[in-house]
Amino acid sequence: MKHIIIVFLLILGGKSFAQTADINNFLVKESLLKNSKLAVIAADSLDNPLEKINGTYTFSVSGFTQSLTFNDGVAILPLPIDKSTFVYIKHQNDSGTHSKLLYVYKKDGNLNPFTISRIFLIIIPLIIIILAFAFKKFIYIAIILLLIFMYFSYSNGLNIATFFETTFDYLKNLV
């Protein structure tokens, strides 16, 4: 009986130290294997990689929950990217929600992820709407521009729900 209690205490003690490091920032790059997959790199606030991050962390990738296994601060997203697309990656922990909106441009088998400032998702439609109200002749052009903006976003994987989720996450983190 004494041995069972000792083993039980060792198991509980080992579990409490399993994941002590939080991921509060991350970078997204093309995987070194060039297999059309993205790598998520844990980073500090200055975008320096954190190699001490090891273990499994839960991320939301474009609305799908993924458990990513980090080894020396690097995890590979399991699904390959077959064409240029928007990717919204979000991680939530005790210190808040950390997310990035990326446009992954694929050309000749290479992936080039560009981080999109979410302020542009607010400013571009807002400017078009303000111009439409300021100049009545601009209203038809503004409607066409908004439809083109929405079509480009939607055809590249940024649906309306993700658009609003990114915008609200951005506004929530401003406060």
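Predicted model: local features only at pLDDT ≥ 70, side-chain atom pairs only at ≥ 80, totals over all residues.
Is Ser-62 buried, partly exposed or exposed, and what is its relative accessible area? Residues are numbered from 1 along each chain as its sequence is written, and side-chain values use heavy atoms, with hydrogens and water left out.

**View 1**
Ser-62 lies in the loop between E3 and E4, where helices (H or I, at least four residues) and strands (E, at least two) are DSSP runs numbered from the N terminus. With a relative accessible area of 31%, Ser-62 is partly exposed; buried means under 20% relative accessible area, exposed over 50%, and partly exposed in between, with a 1.4 Å probe and protein chains only. Its phi is near 50 degrees, which is a positive value in a residue other than glycine. Most residues other than glycine have a negative phi. Asp-72, placed in the loop between E4 and E5, also has a positive phi, near 55 degrees, and Asp-72 counts as exposed because its relative accessibility is 52%.

**View 1. The open sheet of E1, E2 and E5.**
Three strands form an open sheet in the order E1-E2-E5, with antiparallel pairing; two strands pair if DSSP finds at least two bridges between them. Strand E1 (26-30) and strand E5 (74-76) are the edge strands, each pairing on one side only. On average, and with direction ignored, neighbouring strands of this sheet are turned by 25 degrees against each other; the axes behind this angle are lines fitted to C-alpha atoms, for helices over the stretch in contact, and angles run from 0 to 180 degrees between N-to-C directions. E1 is joined to E2 by five bridges, and in E2 the bridge partner of Phe-26 is Ala-42. Strand E2 (residues 38-42) is in turn joined to E5 by three bridges, with Ile-76 in E5 as the bridge partner of Ala-39. Four of the five residues of E1 are buried, so E1 is largely enclosed by the rest of the structure.

**View 2. Strand E6 and its partners.**
Eight of the nine residues of E6 are buried, so that this strand is mostly covered. E3 and E6 run antiparallel and are joined by three bridges, and Phe-59 stands opposite His-91 in E6. E6 also pairs with E7 in the antiparallel sense, over nine bridges, and Gln-92 stands opposite Thr-97 in E7. E6 and E7 form a hairpin with two residues between them.

**View 3. The largest nonpolar core.**
A nonpolar core is a set of buried Ala, Val, Leu, Ile, Met, Phe, Trp, Tyr and Cys residues joined through side-chain atoms within 4.5 Å. The largest one has 21 residues, of which Ile-23, Val-40, Phe-59, Phe-70 and Ile-89 touch the most other members. Two or more residues come from each of E1, E2, strand E3 (55-61), strand E4 (64-70), strand E6 (85-93) and strand E7 (96-107). Apart from this core lies another, of eight residues, including Leu-101, Phe-149, Leu-158 and Phe-163.

Ala-21 lies in the loop between helix H1 (2-16) and E1, and it counts as buried because its relative accessibility is 16%. Leaving aside neighbours within four places in sequence, Ala-21 is in contact (heavy atoms within 4.5 Å) with Lys-52, Ile-53 and Tyr-57. Ala-21 and Asn-54 are 33 residues apart in sequence, and their C-alpha atoms are 8.4 Å apart in space.

**View 4. Helix H3 and its two faces.**
The 17 residues of helix H3 (residues 139-155) should span 24 Å at 1.5 Å a residue, which agrees with the 24 Å between its end C-alpha atoms; the expected span is 1.5 Å times one less than the number of residues. The buried residues of H3 are Ala-142, Phe-149 and Ser-153. They lie on the same side of H3, because they cover an arc of only 30 degrees around the axis, the arc being that of the directions from the helix axis to the C-beta atoms. These buried residues pack against E6, helix H2 (119-134) and helix H4 (160-174). The face turned away from the buried side carries the exposed residues Tyr-140, Leu-147, Ile-148, Tyr-151 and Tyr-154. Just after H3, Gly-157 takes a positive phi of about 95 degrees.
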